[in-house]
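Here is a guided walk through one model, from its sheets to its helices and its ligand. Keep the sequence and the 3D view side by side as you read.

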Amino acid sequence: MTVVIEARNVMFSFGNTPALRGASIAVDAGEILAIMGPSGSGKSTLLHCLAGILVPDSGEIRFDGARLDSMTETERSSLRRDRFGFVFQFGQLVPELTAVENVALPLLLSGVRRPEALRKAYGWFERLGLDGREQRRSGELSGGQAQRVALARGLVAEPEVLFADEPTGALDSLTGEQVMELLVAAAREQGTTVILVTHEPRVAAYADREVIVRDGRVNAPDRIPS
Ligand SMILES: Nc1ncnc2c1ncn2[C@@H]1O[C@H](COP(=O)(O)OP(=O)(O)OP(=O)(O)O)[C@@H](O)[C@H]1O
């Protein structure tokens with residue numbers, strides 16, 4: 001197995017509040033990993049460090065062999081745009097755009113021409129059970145529909161890694177499971193690695209592997225990188 005992304009001994013504090021205290025984890029290419037743990041244990045902070053949104057105070061983050069923690073903000077933002085996808089708890093769709101324009105957004109930001117970006121975006125609606133919802137704005141979609149649109153937006157550019165922070169957190173459990181089924185199926189089809197933060201065991205059950213974050217460290221003794 002090839003490790004695609006890893007953290008080694010990562011420390012991160014928000015002012016005087018330590019959030020990560022030596023977190024280490026390695027994630028294989030194509031793996032679907034669930035990060036679980038108590039509230040405030042550092043799950044989201046770890047996800048944000050792995051995704052190059054936050055820069056650790058110390059320790060290393062590697063993606064595809066390159067050190068994310070020593071890149072410039074511009075380099076990290078190009079990496080996020082071109083090679084990573086994101087899904088958050090509240091879809092965070094752009095309310096002024098239609099559903100299909102929201103899905104096309106990452107492609108447009110990467111320089112894909114509008115007709116081609118929209119063509120690819122339309123292709124996601126049928127497979128996500130959203131046929132006919134293409135022209136709706138986020139206010140005209142149910143929570144589950146909006147989250148499926150957000151999922152399509154996270155995957156449309158075929159990212160190498162999809163980061164998902166509580167992607168089902170705002171949904172009822174049945175709708176959440178439907179979103180997870182679609183997420184896992186689409187990620188497997190594309191070979192996308194998924195790093196998912198959740199506090200719900202039923203959601204984590206869709207992953208290949210679960211790790212627990214406690215007090216800013218990852219409890220995964222079998223997989224600490226050497
Ligand atoms: N923006 C911030 N400013 C200050 N402290 C923060 C900030 N974000 C997180 N923290 C603190 O850092 C620690 C880790 O937070 P983090 O959000 O990573 O935990 P979490 O495990 O994702 O929690 P939850 O399950 O409740 O979302 C907590 O003590 C939290 O209060």
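Which residue in β2 is the bridge partner of E6? The partner is A26. Before going further, note that this is a predicted model: local features need pLDDT of at least 70, side-chain atom pairs count only at pLDDT 80 or more, and totals for chains, interfaces and linings use all residues. Residues are numbered from 1 along each chain as its sequence is written.

Start with the strands around that pair. Helices (H or I, at least four residues) and strands (E, at least two) are DSSP runs, numbered from the N terminus. Two strands pair if DSSP finds at least two bridges between them. Strand β1 (residues 3–14) pairs with β2 in the antiparallel sense, over 9 bridges. M11 has R21 of β2 as its bridge partner. The two strands, β1 and β2, form a hairpin with 2 residues between them. In the turn, G15 has a positive phi of about 60°.

Contact here means that the C-beta atoms of two residues, placed from the backbone, lie within 7 Å. Axes are lines fitted to C-alpha atoms, for helices over the stretch in contact, and angles run from 0 to 180 degrees between N-to-C directions.

Now turn to the other sheet. Inside it, strand β3 (residues 32–36) and strand β8 (residues 193–197) pair in the parallel sense over 4 bridges. L33 has I195 of β8 as its bridge partner.

The axes of α3 and α5 come within 7 Å and cross at roughly 25°. That makes α3 roughly parallel to α5. For such labels, angles under 35 degrees count as roughly parallel, over 145 as roughly antiparallel, 65 to 115 as roughly perpendicular and the rest as oblique. On the α3 side, the contact is made by A99, N102, V103, L105 and P106. On the α5 side, V149, A152 and R153 take part. These residues divide into 6 nonpolar, 1 polar and 1 charged. Ala, Val, Leu, Ile, Met, Phe, Trp, Tyr, Cys and Pro count as nonpolar, Asp, Glu, Lys and Arg as charged, and the others, Gly among them, as polar.

α5 also packs against helix α6 (residues 173–190), at an angle of about 15° and with the axes 10 Å apart. That makes α5 roughly parallel to α6. From α5, G143, G144, Q147, R148, L151 and L155 meet residues of α6, including T175, Q178 and V179. By class, this contact has 6 nonpolar, 6 polar and 1 charged residues.

How does α3 sit against α4? The axes of helix α3 (residues 99–109) and helix α4 (residues 114–127) come within 8 Å and cross at roughly 125°. That makes α3 oblique to α4. V100, V103, A104, L107 and L108 of α3 meet α4 residues, among them R114, A117 and W124. The contact of α3 with α4 has 10 nonpolar, no polar and 2 charged residues.

Finish at the ligand. It is surrounded by F14, T17, A19, G37, S39, G40, S41, G42, K43, S44, T45 and H199. A residue is near a molecule if its C-beta atom, placed from the backbone, lies within 6 Å of it. β2 (17–28) and α1 (43–50) each supply at least two residues of this shell. α1 gives the most, with 3 residues. The shell divides into 2 nonpolar, 9 polar and 1 charged.
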